[in-house]
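Work through the exercises below with the sequence and the model side by side. Try each task before reading its solution.

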Amino acid sequence: QLQLVESGGGLVQPGGSLRVSCAASGFTLDRYAIAWFRHAPGKEREGVSCISRYGGSKNHADSVKGRFTISRDNAKNTVYLQMTSLKPEDTAFYYCAATERNICPLGIAAMERARYDYWGQGTQVTVSS
């Protein structure tokens, strides 16, 4: 079965850190640029970060720039989103998506409009004291 599986979500206090992972099953991630999205109740889905096929190019939304870092390990068929200095407004359902292209769409808006070949089921991140 071809799928993306996210893991690593949970409850963290404001100012804390968390790393979520996106692992591919049934296919290899190294043919795909990978994006992370989040969706909070009552809000629109938001593009968070994107990483190119070999990791040389990365985009981050302004709301997370300087706090979140996207990375990938193609040998492990996994993409990571390291989140630091977490805020309550980061609380959302986080999920990853794969698009068969070498580089990410130019800019977060384009990333949100792009077509994706695979989507994960997501993992909940809650930032609360």
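The model is predicted, so local features need pLDDT of at least 70, side-chain atom pairs count only at pLDDT 80 or more, and totals for chains, interfaces and linings use all residues. Residues are numbered from 1 along each chain as its sequence is written, and side-chain values use heavy atoms, with hydrogens and water left out.

**Exercise 1. Find the disulfides and describe each link.**

Solution. Step one: search for pairs of cysteine sulfur atoms within 2.5 Å, which is the definition of a disulfide.

Step two: take C22 and C96, whose sulfur atoms are 2.1 Å apart. The torsion about their S-S bond is about 75 degrees, so this disulfide is right-handed. C22 belongs to strand β3 and C96 to strand β9, 74 residues apart; strands (E, at least two residues) and helices (H or I, at least four) are DSSP runs numbered from the N terminus. Both cysteines, C22 and C96, are buried. Buried means under 20% relative accessible area, exposed over 50%, and partly exposed in between (1.4 Å probe, protein chains only).

Step three: take C50 and C104, again with 2.1 Å between the sulfur atoms. Their link is left-handed, with -95 degrees about the S-S bond. C50 sits in strand β5 and C104 in the loop between β9 and α1, so the pair ties together parts 54 residues apart in sequence. C50 counts as buried because its relative accessibility is 0%, and C104 counts as buried because its value is 7%.

Step four: number the bonded cysteines in sequence order; the pairing reads 1-3, 2-4.

**Exercise 2. Describe the largest nonpolar core.**

Solution. Step one: join buried Ala, Val, Leu, Ile, Met, Phe, Trp, Tyr and Cys residues through side-chain atoms within 4.5 Å. The largest such core has 40 residues, and L4, W36, L81, M83 and Y94 have the most contacts inside it.

Step two: assign the core to elements. Those giving two or more residues include β3 (18-25), β4 (33-39), β8 (78-83) and α1 (108-113). The largest share, six residues, comes from β9.

Step three: list the neighbours of Y94, a contact being heavy atoms within 4.5 Å. Leaving out residues up to four places away in sequence, Y94 touches, among others, W36, L81 and M83.

**Exercise 3. What does the side chain of R72 meet?**

Solution. Step one: locate R72 in strand β7. R72 is buried and has no salt bridge; D30, the nearest side chain of opposite charge, is 6.6 Å away. A salt bridge needs a side-chain nitrogen of Lys or Arg within 4 Å of a carboxyl oxygen of Asp or Glu.

Step two: check backbone oxygens. That of L29 is 2.8 Å from a polar atom of the R72 side chain, and that of Y32 is 2.9 Å from a polar atom of this side chain.

**Exercise 4. How many salt bridges does the structure hold, and how exposed are the partners?**

Solution. Step one: the count is six.

Step two: R38 pairs with E46, with 2.8 Å between the closest N and O atoms. R38 counts as buried because its relative accessibility is 6%, while E46, at 24%, counts as partly exposed.

Step three: K65 pairs with D62 at 3.1 Å, N to O. K65 counts as exposed at 51% relative accessibility, and D62 counts as exposed at 68%.

Step four: D117 pairs with R115 at 3.2 Å, N to O. Shared partners join R38, E46, R67 and D90 into one network of salt bridges.

Methods:
Lys, Arg positive; Asp, Glu negative; His and termini not counted. Polar contact = N/O pair within 3.5 Å; in protein donor to acceptor, adjacent residues only side chain to side chain.
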